[in-house]
Amino acid sequence: MHFQQLQYFVAVAETRHFTRAADLVHVAQPSLSQQIKALERELGADLFRRARGNITLTDAGEALLPLARRILADADTARHEVQELAQLRRGRVRLGATPSVCTGLLPDVLRAFHDRYPGIRLLIEEGGSHDLVRELARGALDLALVVLPLPTPSPALTTVELLREDLVVVSSPDAPRPGGGRRTVRVADLEGERMVMFRHGYDLRELTVAACRAEGFEPDFAVEGGEMDAVLGFVRAGLGVAVVPRMVAARSGRGLRVTPLARPGLHRTIALAHRSDVAPPRAARELQRMLLER
């Protein structure tokens, strides 16, 4: 008894038609009929009653059908389990993240993931949350780290909150302290400060500008349009101050003065997102677990 014969038998049993069954399993109808006859000879019993336009199961066929379905299901499960294990030895994970998350949150997690699964390639795409949501929706990413709330809520995405992070003000140690030298500053104290601002599409840009406008003023940009590394470099050079995540400021090393924002301060929520209608690959699910447990 061959596995392929069982596939053909189940196809005929479910369609009750040899030609349609052959189309279903992508084989020529004469080949399918020959394999069914070979199976019947092997078992020593007819499996179908063949009448013009009416194919029905015999008692032997009725007895074999649930067993054949179980064998095929077990084989499919075995194939799936082996493929899942293989995906942890080789393959790829396509992860999107905002640039500040790449700088602050990801390095330690990705190092741990790479140490455990060295055969898996990590493909990282940086972008704003809006761009990452679009890439997820079209299947170009397996997972994405985005800032909540999403610019355009999508019912096709599942999001799980990872962390709520404080924002801080960074400045050059050679420049006067923002806010008159106090240990903490309010958003209102940034009025009149020259600011280094991220490019359009950065979540931090929208958040900072909205907070300044809520205090009744427009931020004064000394430089705008940079990515995270450029913004930090401009601040170190004394061109202005910037509002960045605390985790980024902590990782940025020397050359920056970090001043917390007074309560209630500014915060952002980082979430892990994936498509709701498609389960991420095994390797991506493992990275997801490590991010959630970090």
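**View 1. The second largest pocket has a volume of about 160 Å³.** This is a predicted model, with local features taken at pLDDT of at least 70 and side-chain atom pairs at pLDDT 80 or more, while totals for chains, interfaces and linings use all residues. Residues are numbered from 1 along each chain as its sequence is written, and side-chain values use heavy atoms, without hydrogens or water. The pocket has 13 lining residues. Arg186, Val187, Glu215, Pro264 and Gly265 lie nearest its centre. By class, the lining has 9 nonpolar residues, 1 polar residue and 3 charged ones. (Nonpolar: Ala, Val, Leu, Ile, Met, Phe, Trp, Tyr, Cys, Pro; charged: Asp, Glu, Lys, Arg; polar: the others, Gly among them.) A pocket is an open set of points on a 1 Å grid over the protein atoms alone, with protein on both sides within 12 Å along at least five of seven lines; in a cavity, a 1.4 Å probe fits but cannot get out; lining residues have an atom within 4 Å of a point. Volume is the space filled by probe spheres set on points joined across faces, edges and corners.

**View 2. The structure holds 1 cavity of 30 Å³ or more.** Which residues line the largest cavity? They are Ser100, Val101, Gly104, Leu105, Leu163, Glu165, Met247, Arg268 and Ile270. Helix H5 (99-104), strand S6 (157-171) and strand S11 (267-275) each give two or more residues to this lining. H5 supplies the largest share, 3 residues. (Helices, H or I of at least four residues, and strands, E of at least two, are DSSP runs numbered from the N terminus.) The lining splits into 5 nonpolar, 2 polar and 2 charged residues.

**View 3. Helix H1 (residues 3-15) crosses helix H3 (residues 29-43) at roughly 105°.** Their axes come within 9 Å. (Axes are lines fitted to C-alpha atoms, for helices over the stretch in contact; angles run from 0 to 180 degrees between N-to-C directions. Under 35 degrees is roughly parallel, over 145 roughly antiparallel, 65 to 115 roughly perpendicular, the rest oblique.) From H1 come Gln5, Tyr8, Phe9 and Val12. They meet Leu32, Gln35, Ile36, Ala38 and Leu39 of H3. (Contact: heavy atoms within 4.5 Å.) This contact has 7 nonpolar residues, 2 polar ones and no charged ones.

**View 4. Gly96 sits in strand S3 (residues 91-97).** Is Gly96 buried or exposed? Gly96 is buried, at 0% relative accessible area. (Buried is under 20%, exposed over 50%, partly exposed in between, with a 1.4 Å probe and protein chains only.) Leaving out residues up to four places away in sequence, Gly96 touches Glu125, Leu132, Leu141, Leu143, Ala144 and Leu145. Arg205 is 109 residues from Gly96 in sequence; in space, the pair is 19 Å apart, C-alpha to C-alpha.

**View 5. A cis peptide bond joins Leu148 and Pro149, and another joins Arg263 and Pro264.** Most peptide bonds are trans. For Leu148 and Pro149, omega is about -5°. Pro149 lies in the loop between strand S5 (143-148) and S6. For Arg263 and Pro264, omega is about 5°. Pro264 lies in the loop between strand S10 (257-260) and S11.

**View 6. Arg16 has a positive phi, and so does His26.** Neither is a glycine. Arg16 has a phi of about 55° and lies in the loop between H1 and helix H2 (18-24). Arg16 is partly exposed, at 35% relative accessibility. His26 has a phi of about 60° and lies in the loop between H2 and H3. His26 is exposed, at 74%.
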